[in-house]
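I am opening a notebook on a structure that is new to me, and I will write down what I look up as I go.

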Amino acid sequence: MTSATKANRNSLRNKLHQVLPKSSILETEEQTRPYECDGLTAYQQKPWIVVLPDSIEQVQTILRLCFEEGVPVVARGAGTGLSGGALPLANGVLLSLAKFNRILDINPDNRSATVEPGVRNLAISQAAEEFNLYYAPDPSSQIACTIGGNVAENAGGVHCLKYGLTVHNILQLKVITIDGELITIGSQALDTPGYDLLALMTGSEGMLGVIVEVTVKLLPRPEQAQVILAAFDDVVKAGEAVAAIIAEGIIPAGLEMMDNPAIRAAEDYAHAGYPVDAEAILLCELDGTHEEVSEQIQFVQHLLKQKGATSLRTSANEAERLKIWLGRKSAFPAVGRISPDYYCMDGTIPRHQLPKILKDISELSKEYNLLVANVFHAGDGNLHPLILYDANIEGELERTEEFGGKILELCVEAGGAITGEHGVGKEKIDQMCVQFKSLELQIFHDIKHSFDSKELLNPGKAVPTLHRCAELGGMHVHNGLLSHPGLERF
Amino acid sequence: MSVNRTQELQDRVRAALNDKTMLKIVGGNSKEFYGNPSLDSENNKTEIIETRIHQGITSYEPSELVITARAGTPLKEIEALLAENNQMLPFEPPHFGEHATLGGAIATGLSGSRRPFAGSARDFVLGTKIISGKGEIMSFGGQVIKNVAGYDVSRLMVGAMGTLGLLLEISIKVLPRPNTEVTQCIAMSQQQALKTMREFHQTSLPLSALAYENEKLYVRLSGAESAVTAAQKKVSGETMLHAENFWRQVNEQLHPFFKSNKPLWRLSVPYIAAIDIEEKSFIDWSGGLYWIHSDKEAEEIQQLASAQGGAATLFKVTDNSHAYTERFAPLQAKIKQFHVNLKMRFDPYGILNYGRLYSDL
């Protein structure tokens, strides 16, 4: 960890003022306050200083200066992340990429777009629209979140099952290393020689380098897309319907599930026409050629009825399709309206474990006396339980965090993971001790050291120290087995 | 067949560490030709460590779209089981021999003609279990489609040629086989073909391969029968008989194009690349992959690819004319430094497949 002193920071501040215009440095209380948190508002920390470079050369200089003075630096895009990955450091620089907001090139023949990291996810698809192309990953925050953050977190969305995550949809990154060097990772071609550093960089949460340019793959827009909204009187039946669709050899473009509390909140907010008395709904989107979609829609309608759907509605036109999706895409803000605060989890499970996990969550919900609304990327096993709480009630946030942590541990036990698309950040750092053993955590630290020997890039996020896991180990005795048994304890 | 030899393999790696022996990892020995020849130095002896003894499909649930198998499992066994359930490995790994293993397919990271439309070997890897060069067993990723906990070490193993770890077990996402698959063959010049590929690839046609060779464009269409039939009309050309055979021969390099004594180069380039060389090419991946037999100097071929934003690999040689040529294209200095740093962390004593990817890794 950094050993930068106040003298180092003073020296860095002087140098930053020499190389950046005054307007690109924010230092006062009211200037730095907006950067105190990202989309996970439960964690707050004002940064020591904020810099807003607008050229690659400036980023190189800033990082080189931080490297020389040993001052840590946290990169930030739109700040929509949900795991505290962009949480600033009291003794560190917050490097905002907000000014890197230009689309540099849309190349329809290469089916790629080259953009700066501060470009919004949706803006890429909008710019590619004239060529009838689009960028597939669509996190719910796509109107606001930026592509640099998407790469740093390996963002997903509702179309991952068919079209993949961010890692499947990018070709090349330009990255500044902590010592200020500009490197190119990946290429404009499909294969690049050497180790797959593109995969390593994707989802690395700003721990290995700062992304300053991204080339994404673009896909032709499907001729047709239609969504079926199916209601069920039982979540288990809805889960079985999901498995049945996939077992029949159909890969829907999107396959989402919501439980009753989530349905009610979403309907109240978006008026998408969701059946509020249903125990679960499935949204199943099929896309492709006209012939293929017509054929598959009929087939899936039939299958859903067979699997016990109590009602079916199929979008007849684009407006209706978007309306049905609006309910799902606004599920988080909708839940935000019915509760003073909510805490969104992001565990993944093998799909067949769904009934068990939902039952366990519902039992925990009673135990902690906290309501939960479940939103689920059912196709790819990614759960988003939203725990409803009130931060103004003494101790409720702490109980919520403990409850959330237990949900993630259930996911690991079920053979899944603690995060499917939101990242570890600050939030899930303790659950990393449950997900991985000491050897794996050590190699993660080794990987970081391979790129960032002084641990200056977003330190303290994503990977816990073995020391921290050992301290937690006492609290996580499972089946009589102590985790990280090789470590000394206190 | 199912045999778990984890302990034996770990003991071998630990013994090699003790004896300062270098290990050459061998699966089905079908891709021995690929990558730099393994190094035999005077000071270090090289021993072979066989992964074929460690085999078996450990879990497969078709409706989860995931299969997990030990690295030494024969590819054909995996493909046969998937076929029984009407599923497939979407990246179409080439076998290059009867005994090809899953471990070899992932370590080399090679993908077939479906790659631009379905994805590559690395795209479908969900989890790996490895033995590092320190003799330690580690697991990364898992059996779920989405997992962003920790760095993506699983995908880092794909194409690493066994230089970062010996693969023990791999989880892979699988997909349903398309209901219908047909190939249209259209006679045209290379220039016309490249233009047509670009046009087709920007439409929503249900494509699963676009290749060109010897004045013919090959367009493979996959999906629901109605969609494929409609697309056939739009694409025009003649419908190929035994198309499945054709694509298999291309993937396995049994196609007549690959009969040559000259070194075989593989150029991965942007779709928009224009490769100007007098030798005939087999063009795959919608213009993103060129196979070329050429006697030209390595630097010249590398330059040809890098000028277009791509990279050339010396894929196969039939004599020792290239004994000292690096098979893979050179890396930017800083990127190379990161490679060395990673190798130092995963395999600090350089015992695993040393030199196979780059002569100093």
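This is a predicted model: local features need pLDDT of at least 70, side-chain atom pairs count only at pLDDT 80 or more; totals for chains, interfaces and linings use all residues.

**Entry 1: a buried helix in chain B**

I began with what covers the buried residues of H8(B), and the cover includes helix H10 (290–306) of chain A together with strand E10 (180–187), helix H7 (190–201), strand E12 (216–223) and strand E13 (238–239) of chain B. Helices (H or I, at least four residues) and strands (E, at least two) are DSSP runs, numbered from the N terminus. The buried residues of helix H8 (residues 225–235) of chain B include B:Ala227, B:Val228, B:Ala230, B:Ala231, B:Gln232 and B:Val235, where buried means under 20% relative accessible area, exposed over 50% and partly exposed in between (1.4 Å probe, protein chains only). Just after H8(B), I noted that B:Ser236 takes a positive phi of about 65°.

Residues are numbered from 1 along each chain as its sequence is written, chains are lettered from A and ligands numbered from 1 in the order in which they are written, and side-chain values use heavy atoms, with hydrogens and water left out.

**Entry 2: single residues**

I looked up B:Ser63, which is found in the loop between strand E3 (57–61) and strand E4 (66–70) of chain B, and which counts as buried at 14% relative accessibility. Not counting residues up to four places away in sequence, B:Ser63 touches A:Ala243, A:Ile246, A:Ala247 and A:Arg351, contact meaning heavy atoms within 4.5 Å.

B:Glu32 lies in the loop between strand E1 (22–26) and strand E2 (46–50) of chain B, and at 40% relative accessibility B:Glu32 counts as partly exposed. Residues up to four places away in sequence aside, B:Glu32 touches B:Lys24 and B:Arg356. I also noted that the C-alpha atoms of B:Glu32 and B:Lys316 are separated by 9.9 Å, although these residues are 284 residues apart along the chain.

Leaving aside neighbours within four places in sequence, A:Lys237 is in contact with A:Phe232 and A:Lys307; A:Lys307 is 70 residues away in sequence and 6.8 Å away in space, C-alpha to C-alpha.

**Entry 3: two helix pairs**

At what angle do helix H9 (residues 260–270) and helix H12 (residues 331–338) of chain A pack? The angle is about 95°, with the axes 8 Å apart, axes being lines fitted to C-alpha atoms, for helices over the stretch in contact, and angles running from 0 to 180 degrees between N-to-C directions. That makes H9(A) roughly perpendicular to H12(A), since angles under 35 degrees count as roughly parallel, over 145 as roughly antiparallel, 65 to 115 as roughly perpendicular and the rest as oblique. On the H9(A) side I listed A:Ala265, A:Ala266, A:Asp268 and A:Tyr269, which meet A:Pro333, A:Ala334, A:Val335, A:Arg337 and A:Ile338 in H12(A).

Between the chains, the axes of helix H16 (residues 438–451) of chain A and helix H11 (residues 333–346) of chain B come within 9 Å and cross at roughly 155°, which makes H16(A) roughly antiparallel to H11(B). Among the residues making this contact are A:Ile443 and A:Phe451 of H16(A) and B:Phe338 and B:Phe346 of H11(B).
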